[in-house]
Amino acid sequence: MNKKSLSERDICTKFITPALENAGWDRMAQIREEVTFTNGRVIVRGNLVTRGAKKRADYILYYKPNIPIAVIEAKDNTHTVGSGMQQALAYGETLDVPFVFSANGDGFLEHDRTDASGAKETFLPLTGFPSPEDLWRRYCLSTGITDAANDAVIQDYYVNGSGKAPRYYQLTAINRTIEAIAKGRDRILLVMATGTGKTYTAFQIIWRLWKSRTRKRILFLADRNILVDQTRVNDFKPFGPAMTKIKNRRIDKSYEIYLSLYQAVSGTEDIQNIYREFSREFFDLVIIDECHRGSAAEDSAWREILEYFSSATQIGLTATPKETKYVSNIQYFGDPVYTYSLKQGIEDGFLAPYKVIRIDLDKDLMGWRPEQGKRDRLGNEIEDRIFNQKDFDRSLVLEKRTALVAAKVTQFLKATNRFDKTIVFCEDIDHAERMRSCLTNENSDEVRVNRRYVMRITGDNDEGKAEVDHFIDPESRYPVIATTSKLLATGVDAQTCKLIVLDRIINSMTEFKQIIGRGTRINEDFGKFFFTIMDFKKATENFSDPDFDGDPVQIYEPEPDDPIVPPDLSVDVLTDEPPETLGGDTDDSGEILGDPPPGRVKYYVHDVEVTVIAERVQYYGKDGKLVTESLRDYTRNAVKKEFASLDAFLNRWNAADRKQAVISELEDAGVLFAPLAEDVGREFEPFDLICHVVYGQAPLTRKERAENVRKNHYFSRYGREAQEVLNALLDKYADQGIENIEDMTVLRLQPINRYGTSVEIVQKFGGSGKFMAAMKELETRLYQKIG
């Protein structure tokens, strides 16, 4: 056997896998081959969606199921043993495994990512691969996991037989948390972007600690009823009779898993603080969901509960750790043991990308000053000053502005899909009600069919709150449009929300991330792969803030004996602003009602015209930021990083067996072909878009390229039936582009299939080889002329 003639798969089967088994690895339980661990970034082309390349490891080795300990990158024997190491290291870092190997069938190159070994990289013969126990022992030694802590660290995950397994980042979050607890850490922060499964991750953490009896009584705290109920009936369901929800201010100490609203166990009066009916040591684990909303604030009700159960291990879950001069999560919980960001989730294909439509209104940009003595609709004389965007819908209402926003939202839905789930975020409850009314008028045809087409879902309205479950249910058609202030801003699992409308000033990065998180979930069964943000109040300027998707930054750094809150500053747990700047009373959900503070008047003006000044669309770029330069400049810069000159681009294009491969490379580099075609012309294909926009060549339409080929009369060398097939393929190219004729499946599609089956069509050219040669020549002739 000539080893160098073997494929990579042969090398794996004949050399690598046997070496692993000889070292004691169980092929069925500990070795997984060709493991795909990302979904592939969602790429949006107009209304069409494709997936980018998925990341796949040749081998992942597990000490126990769901406890990965090593990754192996295999190469065929024409490569050196270390050829795969750089790729393996990238995978090892992503998967958070301590040991990384590259192999080519002659042996292994090991890279030790722990600090236990003096030599980072070591060559190992095929007979020298370490056993599972050896790697686990070395890992425990390097991380300080003792024999006493081992039981919790290796405790099995919950498996229900459905095939559902944690994603790679969930495994990392779970395993890091368990290990931190095993090593004695009692305050832990997990940061995971909205839509990445924080509650499922929390369930697996609790399950493993509970089953190992490392932690026996657990309290799960949230601040919204819907969060507790979703958790109880979904992810936490396997706890069964060991679990209860605290309600009606009644305590039953016979359970082991307790779910509760913090409001249900605390209050302003001592008699309401029923959590004190438990002993301080009753719970040994407390999980705080959405911990940014209160547990970080030293004078909040959350903190009273946490301090009462201070002997328990406490885990804070959030998508948005709050780090401001008023509040600090990190000061309380410490640095996150793991962070999985929105940017990473989009890159991996687990979260939906988005585009932003920014709409500027004239009064928002230029302000509005009433003429002297002008009165509002209620007869109040309007204060003589310039009102600007920060005033609108707070201290002054321009009713025609609200109507214009509703009209633009409706215009977008009519142009896309009238039944795409939509959330409109308003300044307060009063604004949400007025927006509901305007949207009802704009969509009167649909409201006639079902009055629930538009609903206000706010904390003060029982009818609206009763519709939350219907709104988030992908199977339920109504409500379609929900107007709200804060109630839907966080924790609500709106899987099919495709449009988020921001008609509200958002100065809190924490709140902004939570609101954007309403759209980031993907639901392939219902066609939800991306979403749109329509911004009327410049809220999406937060995208340019380095804090939008970076690591949490602590601003206030008190000394150990200093208070967590700076002196003389109170805390509003729902916003980064001091509460007195907001104005208006709030209801129990924290939503602003819209009633002005005593002594102030809220003006309602019905006769002032409002118009749109500018409207622009922005896209989420490859680097995780919104594209802020012109689309053409952005494309030019992105392409020239790959191909500095026209010749370099043409050489790559002409050398490619499949032109779609070059198109995909450019998409991976960040080129946005769909909006570029909208800008330059839909009749041009990617080749001409690049030649024109990047290199200044005059573009040719697809039809012009097809006609140029026909003028050359080179078809005459083929038989009549073969010529008919080539002409049909040219027509398909002219209509749809090169990517639609490169795939052999095109022979099974209309109108090509009228010339016979795929086999019959190929035979018209004299066989497979001659057919492929004809296709190659067709492509060559299509791109002979530039400009």
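Predicted model: local features only at pLDDT ≥ 70, side-chain atom pairs only at ≥ 80, totals over all residues.
1. The β7–β8 pairing. Strand β7 (residues 107–112) runs antiparallel to β8, and 5 bridges join the two. In general, the strands of a sheet pair through backbone hydrogen bonds, in a parallel or an antiparallel sense.

2. Salt bridges overall. A search of the whole structure returns 53 salt bridges. The general principle is that side chains of opposite charge can pair when their charged atoms come close. The points that follow take up individual pairs and one network.

3. E347 and R41. These two residues form a salt bridge in which the closest N and O atoms are 3.1 Å apart. E347 belongs to helix α11 (residues 342–348), whereas R41 sits in the loop between β1 (31–36) and β2 (42–45), so the pair ties together parts that are 306 residues apart in sequence. The two partners also fall into separate accessibility classes: E347 is partly exposed at 32% relative accessibility, while R41, at 17%, counts as buried. The limit for the buried class is under 20% relative accessible area.

4. D460 and R456. Here the closest N and O atoms of the salt bridge are 3.0 Å apart. D460 has a relative accessibility of 40% and is therefore classed as partly exposed. R456, by contrast, is buried, with a value of 12%.

5. K465 and D462. The side chains of this pair meet in a salt bridge with an N to O distance of 3.8 Å. Both residues lie in helix α16 (residues 462–465), and their spacing of 3 residues separates them by about one helical turn. K465 is partly exposed, at 36% relative accessibility, and D462 is exposed, with a relative accessible area of 56%.

6. Helix α23. In this helix (residues 686–695), 9 of the 10 residues are buried, so the helix is largely enclosed by the rest of the structure. The buried residues are P686, F687, D688, L689, I690, C691, V693, V694 and Y695. Their cover includes the helices α19 (631–642), α20 (646–655), α21 (659–668), α22 (673–680) and α24 (702–711). After α23 comes G696, which has a positive phi, near 75°.

7. A nonpolar surface patch. L365, M366 and I613 form a nonpolar patch on the surface, and their accessible area together is about 310 Å². M366 is part of helix α12 (residues 362–366). With a relative accessible area of 61%, M366 is classed as exposed, the cut-off for that class being over 50%.

How values were computed:
Residues numbered from 1 in each chain as written. Heavy atoms only, no water. Salt bridge = Lys/Arg side-chain N within 4 Å of Asp/Glu carboxyl O. Helix = DSSP H or I, 4+ residues; strand = E, 2+ residues; numbered from the N terminus. Buried < 20%, exposed > 50% of the residue type's maximum accessible area, 1.4 Å probe, protein only. Contact = heavy atoms within 4.5 Å. Patch = residues over 30% accessible without salt bridge, like charges linked within 9 Å, V, L, I, M, F, W, Y side chains within 5 Å. Areas by Shrake-Rupley, 256 points an atom, 1.4 Å probe, with all protein chains shown as cover. Pairing = 2+ DSSP bridges.
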